[in-house]
Amino acid sequence: MKQVHLIDVPSFGDDRGTLCAFEAGKDIPFEIKRVYCIYHTESGISRGFHAHKHLKQVVICVSGSCRFLVDNGKTKQEYILDSPDKGLAIEGLIWREMHDFSSDCVLIILASEHFQESDYIRDYSEFKSLCLQSKL
Ligand code: T46
């Protein structure tokens, strides 16, 4: 799926622990305008269930794990996010869902735009018809 890819950054471990870094303009394929976190999601709870019209994002799991589903209206793909040195980059018309959060899961999300509810598509049938229109 060309609108979604994993970014791997090197991690530097020594006897003090591990450090890894995502650099704007190098690893992150957009100017970062917003950073938000998702945490304390209880097991059995799922999140997301929407797409974005214009937003680009990179999702990094800095603690624990979750299953992240992406859907371009034709194909669905799942990623297990479980490491701070991997970022899931998403752009374009992609439906996303997050499932199977571990109790210690913390996601940090880097976003290309400020928060705007009007950028969300929260209805799956609207998402599907926009996918069809965008392919015309
Ligand atoms: C996404 C996935 C991965 C704000 O006020 N500011 C913000 O920057 C964000 C992201 C959300 N909000 C408000 C909007 C809702 O009242 O926080 C509340 C929870 O947001 P939502 O239900 O959209 O959260 P998720 O976890 O379903 O989705 C979030 C992002 O909204 C979304 O862009 O791609 O994480």
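The model is predicted.

Start with the chain. Along the sequence the order reads β-β-β-β-β-β-β-β-β-β-β-β-α. The radius of gyration is 15 Å, close to the 14 Å that the globule rule gives for 136 residues, so the chain is as compact as a globular protein of that length. Along its principal axes, the C-alpha trace spans about 55 × 35 × 25 Å.

Now turn to the ligand. The space taken by the ligand is the largest pocket. S5 gives the largest share, with four residues.

Next, the make-up of that shell. There are 13 residues around the ligand. By class, five are nonpolar, four polar and four charged. Arg34, Arg47, His52, Gln57 and Tyr120 come nearest.

In Gln57, a side-chain N or O atom is 2.6 Å from an oxygen atom of the ligand. Gly48 uses its backbone instead: one of its N or O atoms there lies 2.8 Å from a ligand oxygen. For Tyr36, the distance from a side-chain N or O atom to an oxygen of the ligand is 3.3 Å. How much of the ligand does the protein bury? Taken alone, the ligand exposes 650 Å², and the protein buries 68% of that.

Terms used: Residues are numbered from 1 along each chain as its sequence is written. This is a predicted model: local features need pLDDT of at least 70, side-chain atom pairs count only at pLDDT 80 or more; totals for chains, interfaces and linings use all residues. Side-chain values use heavy atoms; hydrogens and water are left out. A residue is near a molecule or strand if one of its heavy atoms lies within 4 Å of it. A polar contact is a pair of N or O atoms within 3.5 Å; within protein, one must be able to donate a hydrogen and the other to accept it, and residues adjacent in sequence count only if both atoms are side-chain atoms. Accessible areas come from the Shrake-Rupley method with a 1.4 Å probe; for residues, only the protein chains shown count as cover. On a 1 Å grid over the protein atoms alone, a cavity is a set of points where a 1.4 Å probe fits but cannot get out, and a pocket is an open set with protein on both sides within 12 Å along at least five of seven lines; lining residues have an atom within 4 Å of a point. A molecule sits in a cavity or pocket if more than half of its atoms lie within 2 Å of its grid points. Helices (H or I, at least four residues) and strands (E, at least two) are DSSP runs, numbered from the N terminus. Ala, Val, Leu, Ile, Met, Phe, Trp, Tyr, Cys and Pro count as nonpolar, Asp, Glu, Lys and Arg as charged, and the others, Gly among them, as polar. The radius of gyration is taken over C-alpha atoms; the globule rule is 2.2 Å times the number of residues to the power 0.38.
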